[in-house]
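Visitor: I have a structure open and would like to learn how to read it. Can you take me through it feature by feature?

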Amino acid sequence: MKLTAALALLICCLAVGHCQGPEDPEPWKKVSDPTDPEPWKRVSDPTDPEPWKKVSDPTDPEPWKKVSDPTDPEPWKRASDPTDPEPWQEVTDPTDPEPWKKVSDPTEPEPWALIPDGAGHLHIVNINPVNIPEGEDEIEPLFNPETDVVFRMYTRRNPLHEQLIRWDDPSSISNSNFNPANPTRFLIHGWVEGEDATLHWVIKDHYMRVGDFNVINVDWGAGAQTINYIAARNRVGGVGMIVSRVIDTIRATTGQSLDMINVVGFSLGGHAAGNAGKGQNGLLNSVIALDPAGPLFSQGQADILSASDAIYTEAIYTNAGNLAFDAPLAQANFYPNYGRSQPGCITSICAHNRVNELFAESVSTANHFIAMECADYNEILNGGCSSVGPYAKMGGEPSNRGLGVRGVYYLRTNAQSPFARG
C-alpha cells in the first residue's frame, strides 16, 4: 500500500514539474522575502517607483542631454567660441566666403602658366604678378651679375674659340682680338639658356658671314638657368647693368664710340638689352628686342624695354600676347604674320623661337624682310593693316637707325627658311 502511494506521488510530481508541500500554492513566486508582492521591481531603494531613470542627479529629467554646461541647448555645435553657430565653417578670415580659393593674392586665383626655355622645353611656373619679390635676397641669393655673367667674344680671327672679357679687367680687352674700328654686337639669351643658346650661335654666325664684327655673347646662365621664373625675370636689370659696365670698359680701353654698339636680346634678354641701353642713357646706336618676354612685365615698370633705351629701338614679335609682350614697346615694332603665331608652327614655343631665325636671316640676306606700316596697333589685333607710310625692313644689318622708322609694321614670311619674301 505504501509503495502504491509513493508511486502516485512521483507521477504527480512529474506531471506538474515540481514537488512541493501542500501548504505552498504558488512556489514559483517564492523569493527570499515572501512578503514582497512584486520582487522584479526590487532595487537598492524599494521606494523608487522608476529605478531605470535613476542617475547621479535624480532631479535631472533628461540626463542624456547633460553636458559640461547644461545651459547650452546645442552642445554638439559648441566650439572654441560658443557664439559661433557653425564652427565647421570657421577659417582664418571668417569674412572670406570661399576660403578654399584663397591664395597669396585672392584676386589672382590661377597664377600658373606654361613657359618654355630657349630649347623649347615647357616649365609650369607661378607668375603671380602681384607680389613680385623686390630684391635678390628675397629670391635666390646665389646670382651676382658682377661675378656670374660671362662675356665671350668672337671675331673673324677667332670665330669658333671665345676670348673672355671682363668688366673689371681692361687688359682682357686690350689683349684680345677686339677691334674698335669694327661694330660691336652684344647678344643676350633668355630664360633657362646659357652658353649654348640658339641666339648665340645662329646670329653670331650670320654676323661673321657679312663682315668684321666684335660679337660678344652674354652668358647669364647662372641667373637664367633656374626653374624659378620670377627670380630670372627679376634679374634682367642686373644683367643689363653689367653689360653697360662692359661697354664702359670697352670705351675706356679702346675709345670705341657708342654709335658703333648695338645690343640684341631674346625674350628676357630683350628686356636686359633695354636695361643695358638705360645704363648708357639711351645713347647706344640700337637696341633690338626679339619677342621680348611677356609674363610678369607691364608697361611703366622700371626694367621693361622702352622706346628711349637707345637712339633706335626695335622689337620683333612672333608670339605676342602669349610668351611675348603684346603691345608695342619700341620705336619700331614689327609683327610678322600679325605676331601671334607663325606659319609652319603648331605651338607657341615654335612661334616664340622663330624670331631668332628671322633675325639671323635678316642680318645676312639680300632679300630683306620688307614690312608695311599700319595705322595703329589695333589693326594688328584685328588682323588687318592699311598701309599708311613708307615700307621698312625688319631687322637687318645695319639697323634702321636714322631712317625715320617708327610705329607698327606688318609683314608676311614663309613657313621655312628662307623666310624672307622681299
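Guide: We go from the whole chain to single residues. One caution first: this is a predicted model.

Visitor: How many helices and strands does the protein chain have?

Guide: There are ten helices and 13 strands in the protein chain.

Visitor: What share of the residues is buried?

Guide: The chain has 422 residues, and 45% of them count as buried. The chain exposes about 22,200 Å². Carbon and sulfur atoms supply 55% of that area.

Visitor: And what do the contacts say about sequence distance?

Guide: Take contacts between residues at least 6 apart in sequence. Of these, 68% join residues at least 24 apart.

Visitor: Let me look at a helix. How do I think about its sides?

Guide: An α-helix has 3.6 residues a turn, so residues three or four places apart point the same way. Now turn to helix H9, residues 348-364.

Visitor: Where does H9 bend?

Guide: At Arg354, by about 25°.

Visitor: Is H9 mostly covered or mostly open?

Guide: Mostly covered: 13 of the 17 residues in H9 are buried.

Visitor: Next, disulfides. What is the general idea?

Guide: A disulfide is a covalent bond between the sulfur atoms of two cysteines. The count in this structure comes to two.

Visitor: Which cysteine does Cys345 join?

Guide: Cys345 is joined to Cys350, with 1.9 Å from S to S. The torsion about this S-S bond is about -60°, so the disulfide is left-handed.

Visitor: Are these two cysteines buried or exposed?

Guide: They fall on either side of the 20% cut-off for buried. Cys345 has 15% relative accessibility and therefore counts as buried. Cys350 has 27%, so Cys350 counts as partly exposed.

Visitor: Which cysteines form the other disulfide?

Guide: Cys374 and Cys385, with their sulfur atoms 1.9 Å apart. Here the S-S torsion is about -110°, so this disulfide is left-handed too. The partners are eleven residues apart. Cys374 is in the loop between strand S11 (370-373) and helix H10 (377-381). Cys385 is in the loop between H10 and strand S12 (392-393).

Visitor: How accessible are Cys374 and Cys385?

Guide: Cys374 is buried, at 2% relative accessible area. Cys385 is partly exposed, at 21%.

Visitor: Now the aromatic rings. How do I describe a pair?

Guide: A pair of aromatic rings is described by the distance of the centres and the angle of the planes. A search of the whole structure finds seven aromatic pairs. One of them is Tyr335 with Tyr377. Their centres are 5.8 Å apart, with 40° between the planes, and the pair is tilted.

Visitor: Where do Tyr335 and Tyr377 sit in the chain?

Guide: Tyr335 is in strand S10 (residues 332-336), and Tyr377 is in helix H10. The pair links distant parts of the chain, 42 residues apart. Tyr335 is buried, at 0% relative accessible area. Tyr377 is buried as well, at 15%.

Visitor: Why does the pair of Tyr338 and Tyr410 count as stacked?

Guide: Planes under 30 degrees apart count as stacked. The planes of Tyr338 and Tyr410 are at 20°, with ring centres 4.2 Å apart, so the pair is stacked. Tyr338 lies in the loop between S10 and H9, and Tyr410 in strand S13 (residues 407-411). That puts them 72 residues apart. Tyr338 is partly exposed, at 24%, whereas Tyr410 is buried, at 13%.

Visitor: Which residues do ring pairs link into a cluster?

Guide: Tyr317, Tyr335 and Tyr377.

Visitor: Rings can also face charges. Which ring lies under the charged end of Arg233?

Guide: The ring of Phe297, with the charged end of Arg233 4.1 Å from the ring centre. Arg245 lies over the face of Trp167, at 4.9 Å from the ring centre.

Visitor: To finish, a single residue. Where is Trp220 found?

Guide: In the loop between strand S6 (214-219) and helix H5 (221-224). Trp220 has 0% relative accessibility and so counts as buried.

Visitor: What does Trp220 touch?

Guide: Leave out residues up to four places away in sequence. Trp220 then touches, among others, Phe143, Val149, Ile188, His189 and Leu268. Arg235 and Val239 are also among its contacts. As for Val192, its C-alpha is 9.4 Å from that of Trp220, and the two are 28 residues apart in sequence.

Terms used. Residues are numbered from 1 along each chain as its sequence is written. This is a predicted model: local features need pLDDT of at least 70, side-chain atom pairs count only at pLDDT 80 or more; totals for chains, interfaces and linings use all residues. Side-chain values use heavy atoms; hydrogens and water are left out. The bend at a residue is the angle between axes fitted to the seven residues ending there and the seven starting there. Helices (H or I, at least four residues) and strands (E, at least two) are DSSP runs, numbered from the N terminus. Buried means under 20% relative accessible area, exposed over 50%, partly exposed in between (1.4 Å probe, protein chains only). Contact means heavy atoms within 4.5 Å. Accessible areas come from the Shrake-Rupley method with a 1.4 Å probe; for residues, only the protein chains shown count as cover. A disulfide is a pair of cysteine sulfur atoms within 2.5 Å. Rings of Phe, Tyr and Trp (its six-membered ring) pair if their centres lie within 6.5 Å; planes under 30 degrees apart count as stacked, over 60 as edge-to-face and the rest as tilted. A charge sits over a ring if NZ of Lys or CZ of Arg is within 6 Å of the ring centre and within 35 degrees of the ring normal.
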